[in-house]
Amino acid sequence: MDFTDYQYPSDIILQAVRYYVSYKLSTRDIEEIFTERGSAIDHSTINRWVITFSPMLEHKSRQLKRKVSSSWRTPPCDRTLANNNFPRN
């Protein structure tokens with residue numbers, strides 16, 4: 001991702017996008033958080049960052065995601081315990 005034409009550093013941009021995507025905060029809530037921390041960022045700027053960078057972050061995270069195993073078999077020790085008639089509480 002290229003952050004060369006943006007006024008703010010990449011870590012600020014990515015943190016704002018992460019707050020929006022991960023924690024379901026509104027752009028005005030994120031604006032307030034950054035204002036409390038000393039960065040004056042408008043909510044419309046954060047919205048533009050989300051529109052621009054969230055598809056890129058999703059694509060990148062899907063590339064890094066580990067594949068799920070193709071085998072869903074239960075180990076033999078679990079099968080023998082499941083077949084026994086143990087009293088249930």
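Student: Let's start with helix H3: which of its residues are buried?

Tutor: Buried means under 20% relative accessible area, exposed over 50%, and partly exposed in between (1.4 Å probe, protein chains only). In H3 the buried residues are Thr45, Ile46, Trp49, Val50 and Phe53. Helices here are DSSP runs (H or I, at least four residues; strands are E, at least two), numbered from the N terminus. Keep in mind that this is a predicted model, where local features need pLDDT of at least 70 and side-chain atom pairs count only at pLDDT 80 or more, while totals for chains, interfaces and linings use all residues. Residues are numbered from 1 along each chain as its sequence is written, and side-chain values use heavy atoms, with hydrogens and water left out.

Student: What do the buried residues of H3 pack against?

Tutor: Contact means heavy atoms within 4.5 Å. The partners are helix H1 (10-23) and helix H2 (27-36).

Student: How do I check the length of H3 against its end C-alpha atoms?

Tutor: The expected span is 1.5 Å times one less than the number of residues. H3 has 22 residues (43-64), so it should span 32 Å, and the 30 Å between its end C-alpha atoms agrees.

Student: Where in H3 does the kink lie?

Tutor: The bend at a residue is the angle between axes fitted to the seven residues ending there and the seven starting there. For H3 there is a kink of about 35° at Phe53, shortly before the proline Pro55.

Student: Now H2. Which of its residues are buried?

Tutor: Thr27, Ile30 and Phe34 are the buried ones. Down the axis of H2 they fall within an arc of 60° and therefore line one face of the helix; the arc is that of the directions from the helix axis to the C-beta atoms. Exposed Arg28 and Glu36 sit on the face turned away from that buried side. The cover over the buried residues of H2 includes H1 and H3.

Student: What does Thr27 touch?

Tutor: Leaving aside residues up to four places away in sequence, Thr27 touches Tyr20, His43, Ile46 and Asn47. Its relative accessibility is 15%, which is why Thr27 counts as buried. Just after H2, look at Gly38, with a positive phi of about 100°.

Student: What does the secondary structure of the whole chain come to?

Tutor: The chain has four helices and zero strands, in the order α-α-α-α from the N terminus. Of its 89 residues, 16% are buried. Among contacts between residues at least 6 apart in sequence, 46% join residues at least 24 apart.
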